[in-house]
Amino acid sequence: MTLKIGVIGTGMIGRDHTRRIQQVLAGAEVTALSDVNLDSARAVQADLCPDAQVFETGQDLIASDTVDAVLICSWGATHEEYVLGAIAAGKPVFCEKPLATTADGAKRIVDAEVAHGSRLVQVGFMRRYDAGYVALKNVVDTQIGAPIMVHAAHRNPTVPEQYVTPMAIHDTLIHEIDVFRWLLDDDYVSARVTFPRTCAASHAKLRDPQIVTLKTAKGTVINTEIYVNCKYGYDIQCQVVGEEGIASLPEPMAITKRLNATLQNEILTDWKDRFVDSYDVELNDFIKAASAGTASGPSSWDGYMAAVTSDACVAAQHDEGALVQITYPDRPALYN
């Protein structure tokens with residue numbers, strides 16, 4: 001049976017996910033679209049899924065009998081409403097990050113899913129599906145001994161003027177916050193932020209770069225550099241130091257050239273190119289689980305824990321050098 005998916009939000013990521021479902025993956029089709037800009041939804045309909053129905057609101061789409069599962073790609077402030085609507089309708093839902101714009105909002109989703117009694121929500125943390133991270137986790141779990149430290153970096157060539165200091169956490173570090181919990185099978189207990197000298201390419205409302213230090217319940221210390229105006233490319237680094245060895249995230253495949261008296265490797269400049277394959281694997285996982293009426297992969301609890309940690313990191317930004325404790329309730333049995 002083909003899974004009928006409704007897509008809410010037809011901007012860049014919604015359009016790209018629709019393309020994946022229609023042209024790359026098997027077992028599903030897009031039967032419904034909705035966007036606050038109906039012309040955007042109609043354009044995606046015309047280009048990718050002419051038989052899909054366009055709905056004026058996301059809630060109308062969720063309620064439709066033509067939709068078995070929901071894909072939420074709208075702007076972040078709408079996510080909580082639509083995820084709660086999908087849970088109430090008993091429909092599996094894939095939600096791009098953030099799960100909600102506040103930790104309280106994410107907790108309401110957790111509570112609703114727990115009350116439902118089974119998993120319905122997958123959060124769009126795609127790095128867990130990246131082949132490099134999967135290989136790294138296998139080595140961390142089996143070969144290098146207990147993790148002691150993690151050294152990481154998240155570098156972008158540039159960001160727009162509207163990108164401000166807290167976005168380095170909520171929009172950028174959020175990926176590391178999730179993937180390191182998964183990589184280490186651990187939770188965070190504290191956060192600290194340090195600001196080096198601000199780079200010349202930054203602006204008055206952005207302190208860039210910054211270094212975030214997280215400590216886990218098992219004692220691992222994670223230092224992550226966030227540098228979003230590095231100029232040279234999009235560069236993700238991760239090195240795990242264990243008791244018996246060190247493991248590093250592999251670089252993306254690139255041709256090594258000896259040319260003009262230099263040894264050269266090209267560096268990617270676009271995050272979509274860096275993780276393009278992981279998006280395919282991620283959505284395929286959702287389709288498989290949703291076809292059975294459930295969800296797998298990153299959960300509502302993972303989305304909530306990311307929100308709690310993000311809030312602590314932003315608080316640490318406001319008090320440079322101070323240690324901010326991270327607290328959270330016990331994990332519900334549904335997510336064990």
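Reply: In this predicted model, the lining of the largest pocket draws at least three residues from domain 1 (3–127 + 277–299) and likewise at least three from domain 2 (131–274 + 306–335). The space that lies in this largest pocket comes to about 1200 Å³. It is lined by 48 residues, and those closest to its centre are Lys97, His170, Asp171, His175 and Trp271. Looking at the elements behind this lining, two or more residues are given by each of α1 (12–24), α7 (167–184) and α10 (300–318), and among the contributors α7 gives the most, with six residues.

As for the cysteines, the model has zero disulfides when a pair of sulfur atoms must lie within 2.5 Å to count as one. Cys73 is in no disulfide, since the nearest cysteine sulfur, that of Cys95, is 8.4 Å away, and Cys73 counts as buried at 10% relative accessibility. The sulfur of Cys313 is too far for a bond, because the closest cysteine sulfur, in Cys238, is 16 Å from it. Cys313 is also buried, with a relative accessible area of 0%.

Definitions and conventions:
Residues numbered from 1 in each chain as written. Predicted model: local features only at pLDDT ≥ 70, side-chain atom pairs only at ≥ 80, totals over all residues. Heavy atoms only, no water. 1 Å grid on protein atoms, 1.4 Å probe; cavity = no way out; pocket = protein on both sides within 12 Å on 5 of 7 lines; lining within 4 Å. Points joined across faces, edges and corners; volume = space filled by probe spheres on them. Helix = DSSP H or I, 4+ residues; strand = E, 2+ residues; numbered from the N terminus. Domains from an automatic or database assignment. Buried < 20%, exposed > 50% of the residue type's maximum accessible area, 1.4 Å probe, protein only.
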